[in-house]
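Morning, everyone. Please bring up the model on your screens, and we'll walk through it together.

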Amino acid sequence: MRTAATSIFQKDILKQAVMDAVKKLDPRSLARNPVMFVTECCALLTTAALFQKSSGEPRGFIIQISLWLWFTVLFANFAEAVAEGRGKAQADSLRKTRSHTTANRMQPGQENAPVPAEALRKNDIVAVSAGETVPADGEVISGIATVDESAITGESAPVIRESGGDRSAVTGGTKVLSDKIIVRVTANPGESFLDRMISLVEGANRQKTPNEIALTILLSALSVIFLVAIFTLKFFGIYSGAWFSITVLVSLLVCLLPTTIGGLLSAIGIAGIDRLVQKNVLAMSGRAVEAAGDIDVLLLDKTGTITLGDRQAVRFIPAPGITVGTLADIAQLASLSDETPEGRSIVILAKKHGLRGRSIAEIPDARFVSFSAQTRMSGIDIGLHQFRKGAPDAIAAFAAIEFPQEMKRVIEEISREGGTALAVAEKEEALGVIHLKDIVKGGLRDRFIRLRAMGIKTIMITGDNRLTAATIAREAGVDDFLAEARPEDKMALIRKEQRNGYLVAMTGDGTNDAPALAQADVGVAMNTGTQAAKEAGNMVDLDSNPTKLIEIIETGKQMLMTRGALTTFSIANDVAKYFAILPAMLIVLFPEIAPLNIMKLGSPLSAILSAVVFNAMIIILLIPLALKGVKFKPMKAMALLRRNLVIYGLGGLAIPFAGIKIIDIVVNFFHLT
Amino acid sequence: MEIGSWLQLLLFIGLLFLLTRPFGSYLYKVMETKEKTIFSPVLGGCEKLLFKALGRDVEKEQSWKQYGIALAFFSLAGMLLTYFVLRLQHILPLNPQHFAAVEPSLAFNTAASFAANTNWQNYAGESTMSHFSQMVGLTFQNFVSAAVGIAVAAALVRGIARKSVRTIGNFWADLIRVTLHVLLPLSIMLAIFFISQGVIQNFSADVKAACLEKPAGREPAQFIPQGPVASQEAIKILGTNGGGFFNANSSHPFENPTPLTNFIQLLAIFLIPSALTRYLGLMVGNKKHGWAVWSAMAVLFLASLMVCWTAEGKGNSRYPVLSASSGGNMEGKETRFGIFNSALYATVTTSASCGAVNSMHDSFTPLGGLMPLLNIQLGEVVYGGVGSGLSGMLIFVILAVFIAGLMVGRTPEYLGKKIESADIKLCVFYILASAILILAPAAWAAASRWGVAGISNHGPHGLSEMLYAFSSAAGNNGSAFAGLSANTPAYNTLLGLVMLAGRFLLMVPVLALAGNLAAKKVIPAGSGSFPVHGMTFIVLLVGTIIIVGLLTFFPALSLGPVVEHFIMTGSGKLF
């Protein structure tokens, strides 16, 4: 799936796109896009005008106008085809993974029977052994196995799939590397995750998003206004004694139609979904991508998203009369047999105090006491010494002492700050305290600052108590937090924010996340998560990286901005086109109007042709922008608006003046009219 | 002289600015909090009586459909009343000149025109209308059609300000409150002021004045029309109606006798439309937004005025060639008012959908005449007609927000409300209908015998006359490029229909939009939401209005005033 950032113009995609562009001339498919449909009708009209006896303008001119009008439609089709082509290429590579798998179907009271994967139905039970391909989406109901999911995620490291819990989902097309699992099928053929992915990236049943529909209405209305303006111009012309030919009127109409945005609108939408795919996120609909741009509130799980997931030792605080070195030494010894991440972090911290790494094997005459949830401590017995480290109350009980006042104070302080204090002691002697705390992932603070600049509120969700939560929230720079959260609290929080009018995004992986994922406006399920979570969300992150949500939002915003920028550009363009075409239309009858030809275009015919050519060319030139999206910088809405208005509004006013003038020079140089 | 004009302009804009805040707050009190006003002691009884007469219906909040139906019912009844008053004026009282009944197509045209707050006049008041017709048939409509316009704007603003409800206020309550607490007291004060300045107010027949010279072939006497002018004049201005008592409208010394009345008239035309922006700001809890809309209006107004003033000041480029005095273009202007006050009046009256005139727009230079025409075609949103101006402006605001809103990386929102396809449908219907109502009938007239028969100047200027007539009708302005003889059955009927559609058809999307918006949830504003105040927004709004207007009307205008201008400057030919 992970495609090395597909360059926009790959040769085979382009070749296919050219052919598709011609196929898309079919008016039935073009009718979905009113602007281009009208443009095609115009192209037909001028082509028909070729066969008129006296058409007014020289035939060569009409031929060229017709050609460029056809090109205008073709260029728009091409833009859409290129966008689709990139998805198709990805879909093809996905399809390959689906090739003919055989499944071992288990039926009660019968031998396992090998059947083709396509024959599997929901709730069938299959056995998958090492080396075999998982035949369909399903849930592990017994066994544990390592699975290679690189076909889906592009991640080469195998993952563990086991029955029960949140890692029970397997995807059709992935490969079991070790052991054997029994899987209950959860999707009928054609409805599997892979199938959905294929149809998504292909854009097969792409629905217009709500905003796209609204924009299409606006563009259609603009088209009708221009139709009225041009149609009535014919009659005003009759009054004035001017006779405007079909070719000229149609040229003016097409130039005024918002062909730029009309031609690129669907490409922008497809490219938006595609850009998410590049980031290994599958959006179930364009609507979800659009919603991502609108997100106001971001719910982030503390563990795994904001913090590294495990607490880490950050400091040794020795008891009175003990040196840091001694404490570090003993803490390390007592933690050697503690395989938990906390234990390992103590060993690592001790190394920073000048101690070399030690392994269990080095200390032959020692007896290790490994960590357990019951004892809540680990330790080592060397000779007569019994060193222990663990939860303070457990250690106090073990050592049969009361900690010194100073040490008690330290322990209290650490928990007040939201950290965890571990005590280190020998029988009858307290040695000191280890300070463990959650470590906020690097770079997150900056990202939250960027989110705040975009006006997005971040809320951290954690099961920790308020104190701990507040400390981490402050450290990570989130705006708010929800402490001691149970799954139903998460749901209530989403509802509350939504009642206030906010759009909420969250990530989740567990089955108990599913209701909240469904409730959220953008619910990103982790690919490692359960089937239920994946069904409930409207996006799946194949990398299972919760911080991806930030990139998803940026992609959504970028897509909306691109749409707005090109709409503004397209409408602003029309001003220059009026100044090109109207003087050209009137100058024969009213030579005095010459000063209105502010671009000083060569001749009336060259002016009209140049405007039409510019109108077609600008579509091709803007395809890369439509596919890549406009540059996105997180900043306040006011600054963003000003920046984009200057670039696409003023730019849209000015560029066509220059563009048409240049084309006119070329047209006149080659005497094309 | 120039300095005087600049000072007057400064005083005008300054006073308008100063009046906007207190008067806007007053409108808020009248329309929203429904508090007692300083006029309550006098008019409270009347208000209670009317509320009682209408019964429970006045207290109940209405959905946009109920609001619209009540409005349509009321306006139709009013229009019929006016129609029959005009048709029966020969048997009704107060007809000292013994005018005959008004001819049916003219009566329809006039009734439609006054019900639609247009006040297009295909007649000369002093030689057609009895005093009764003027007062009951026309002045009454001046009050209520203005109140209807304000009510609709208030309903739209309510829709924007409310959240998650289905209702947009009560039409009857709005109508009564506005009429009693705003239009009536202000009109009375204004009328008294006008009388103090020399505007007449009586029920007399024409006064016969002996002439010093004996005009050739006529009776040696001049008949000076009389009537209840001041009472009609006040609401004509305040309600942006524009229908004059006399054919000469505000250039007549009985309608507009002094420089002071001229200045006050200008201010009174803009007073309510300007204050409504403050009302908007108060209602939506974002005063800066109200001022941003006000500023956008001010920018458009000043730009238009500058072009018109400059063009008229320059006058005909042929004057210097013919070594005539070059004091600017004084044709069709009152010497009492001069160029600046004529250009200012023309700009104000066309920006505001008023239609009162103190000079003849037909005689303006091509560019000078283009501006009033363009002001109307841009939708008269620059302060605009009472109510209708703000409604139209808000349609443009929503369009601007929709087009540019995406550029902040969110789906478009206006004051926290998502702008969705249903809203866009209504907005584009409004824009599309306004365009079609102007262009289609004008094109029809231009290409048909009955249409061309009415024009007095041929060439591009004739086209301007027809374009202006239909723009004025569709935009409910009522002023005319007076060269057009439009008192024919064809023009009367078509213009009448266009006026009605331009008023009432366009109210449908406005009210529906109010209903739509009222039902929406509000997303609280944050630093990521679209800013609807500040310079950027003002520029965006002004740009949207100009670009949409120009794109729609430039082709037609290019064959009218634009080409006329170039022919005048290029070859000195006039039409």
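In what order do the 7 strands of the open sheet in chain A run? The order is 10-22-21-20-11-18-19. The pairing in this sheet is mixed. Keep in mind that this is a predicted model.

Look at the two edges. They are strand 10, residues 281-283, and strand 19, residues 480-482, both in chain A. Each of these edge strands pairs on one side only. From one strand to the next, the twist averages 20°.

Now go inside the sheet. Strand 20 of chain A covers residues 504-508, and strand 21 of chain A covers 522-526. These two run parallel, and 4 bridges join them.

Find A:F398. The charged end of A:K427 sits over the ring of A:F398, 4.2 Å from its centre. Chain B has such an arrangement too. There, the charged end of B:K333 sits over the ring of B:F364, 4.2 Å from the ring centre.

On to chain B as a whole. Its secondary structure comes to 19 helices and 4 strands. Along the principal axes, the C-alpha atoms of chain B fill a box of roughly 75 × 60 × 50 Å.

How does the radius of gyration of chain B fit a compact globule? A compact globule with 575 residues would have a radius near 25 Å; chain B has 23 Å, so the two agree. Buried residues make up 65% of the 575 residues in chain B. Then there are the contacts. Take those in chain B between residues at least 6 apart in sequence: 79% of them join residues at least 24 apart.

Next, the aromatic rings. A search of the whole structure finds 32 aromatic pairs over all chains. Start with B:F171 and B:W172. Their ring centres are 5.2 Å apart and their planes lie at 70°, so this pair is edge-to-face. Both residues are buried: B:F171 has a relative accessible area of 0%, and B:W172 has 14%.

A second pair is B:W450 with B:Y491. Why does this pair count as edge-to-face? The ring planes are at 80°, over the 60 degrees needed. The ring centres are 5.2 Å apart. This pair links distant parts of the chain. B:W450 is in helix 16 of chain B, residues 449-453, while B:Y491 is in helix 18 of chain B, residues 489-518.

Buried or exposed, what is B:Y491? It is buried, at 0% relative accessibility. B:W450 is partly exposed, with a relative accessible area of 24%.

Rings can also link into a cluster. One cluster in chain B takes in B:F12, B:F17, B:F263, B:F270, B:W291, B:W294, B:F301 and B:Y383.

Last stop: B:T118. Where is it? B:T118 is in the loop between helix 4, residues 104-115, and helix 5, residues 125-128, of chain B. This loop residue is buried, with a relative accessible area of 0%. What is B:T118 in contact with, leaving aside neighbours within four places in sequence? The list includes B:S113, B:N241 and B:C354. Also on it are B:S472, B:A473, B:N476, B:N477 and B:G478, along with B:M499.

That's the tour. Over to you.

Conventions
Residues are numbered from 1 along each chain as its sequence is written. Chains are lettered from A and ligands numbered from 1 in the order in which they are written. This is a predicted model: local features need pLDDT of at least 70, side-chain atom pairs count only at pLDDT 80 or more; totals for chains, interfaces and linings use all residues. Side-chain values use heavy atoms; hydrogens and water are left out. Two strands pair if DSSP finds at least two bridges between them. Axes are lines fitted to C-alpha atoms, for helices over the stretch in contact, and angles run from 0 to 180 degrees between N-to-C directions. Rings of Phe, Tyr and Trp (its six-membered ring) pair if their centres lie within 6.5 Å; planes under 30 degrees apart count as stacked, over 60 as edge-to-face and the rest as tilted. Buried means under 20% relative accessible area, exposed over 50%, partly exposed in between (1.4 Å probe, protein chains only). A charge sits over a ring if NZ of Lys or CZ of Arg is within 6 Å of the ring centre and within 35 degrees of the ring normal. The radius of gyration is taken over C-alpha atoms; the globule rule is 2.2 Å times the number of residues to the power 0.38. Contact means heavy atoms within 4.5 Å.
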